[in-house]
Amino acid sequence: MCPPAMALTNDDEFQKGVKHLFENGVSKLPNKYILPVSDRPKVDKEHPNAAKSSLKLPVIDFGELQGPNRSQVLNSLSSACEEYGFFQVVNHGIPIEAIRSMIDVSTRFFGLPYEERAKYMSSDMTSPVRYGTSLNQRKDSVFCWRDFLKLVCHPLSDVLPHWPSCPMDFREVAATYARETKWLFIRITEAILESLGLWGATTEEKTEEYDEILKQFHDGSQLMVVNCFPPCPEPDLTLGMPPHSDYGFLTLLLQDEVEGLQIQYKGKWITVEPMPNSFVVNVGDHLEIFSNGRYKSVLHRVFVNPAKPRLSVASLHSLPFNCMVGPSPKLIDQVNPRRYKDTDFATFLEYISSCEPKKKNFLESRKLT
């Protein structure tokens, strides 16, 4: 039997998350989740759970990147980062088993009783594990239809004992997945730095600076965010995640087969078609700063649907927590003057702790006029 509707108007209920609401049979979207009309997703009335236009992102075949066609693939990579800020990676070398296991164990985690999931609730943004709902549940005036589990992944040996111990295989599966995505991030980053023209492909052209920056990425921050979007009773009134850009260098996103991700392309919201066993990779704010604006971090959002649950795993990578990020000196000259101030994670955390993060406001605050 469903609880009375009145019970769901209690703010404490919203703090427990949307999986909790869904499990308690919510049949009408509570006001806490209803967006102003101008912010709502405009969905196709004939196909209410699909947006009007969809897009096949540029596909980067990672196998080709290791072969004789490397220079053509680097050109494709460069134009994808300039035009879309997003691309899909196939033949990436991460075992299918590691991917399937991560989706499976994440689904089982969100299937646990609320009391078990709630053990990991925390408002401490630096906590090695954090379960929560919306974006910032202490600050959001309107909540989004999303629960999350955030896992700090570096250094792995330090954080692993804090990760959920239930399901029993969670730590092992998630740690394997974290290592695999870190490896892929490093390989993609090498290609991105080369595509920016910072150095060539041969060993002789790779300098001490190259070794130093790659070492920083090896020691860099990695945050894994498992997102859960249960079916929503009135999906045209809310969003799973509002428009935002990612603050790191690159994000590697694993999504299941349910549509939901949209990117802003030429002023329109376009749905990214899920491609099995691929990763959606997007440029983060730090890469936009590092490339001095040549590569763009692009606004994206998530819409929800009334019938199918959706799950995604985002792996956000950047330089170490205490590192300053600024435009590469090699990408600044008289024609391309410096466009951004240096920044670091502390500045970002201070910013999002003090206000509701909206769109690309943080990145805008780092621009030099």
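Me: Which residues of helix 9 are buried?
Reply: This is a predicted model. Helix 9 covers residues 208-218. Buried here means under 20% relative accessible area. The buried residues in helix 9 are Tyr210, Ile213, Leu214 and Phe217.

Me: Which helices are included in what covers the buried residues of helix 9?
Reply: Part of the cover comes from residues 170-195, and part from 285-290. Those are helix 8 and helix 10.

Me: Glu23 and Arg117 meet in a salt bridge. How many residues apart in sequence are the parts that the pair ties together?
Reply: The N to O distance is 3.7 Å. Glu23 lies in helix 2 and Arg117 in helix 6, so the pair ties together parts of the chain that are apart in sequence by 94 residues.

Me: Within helix 8, what separates Arg187 and Glu190?
Reply: The two form a salt bridge, with the closest N and O atoms 3.2 Å apart. They are three residues apart in helix 8, which means a separation of about one helical turn.

Me: Which residues join Glu23 in one salt-bridge network?
Reply: Asp219 and Lys215 meet in a salt bridge at 2.8 Å, N to O. In the network, salt bridges share partners. Joined with Glu23 are Lys19 and Arg117.

Key:
Residues numbered from 1 in each chain as written. Predicted model: local features only at pLDDT ≥ 70, side-chain atom pairs only at ≥ 80, totals over all residues. Heavy atoms only, no water. Buried < 20%, exposed > 50% of the residue type's maximum accessible area, 1.4 Å probe, protein only. Helix = DSSP H or I, 4+ residues; strand = E, 2+ residues; numbered from the N terminus. Contact = heavy atoms within 4.5 Å. Salt bridge = Lys/Arg side-chain N within 4 Å of Asp/Glu carboxyl O.
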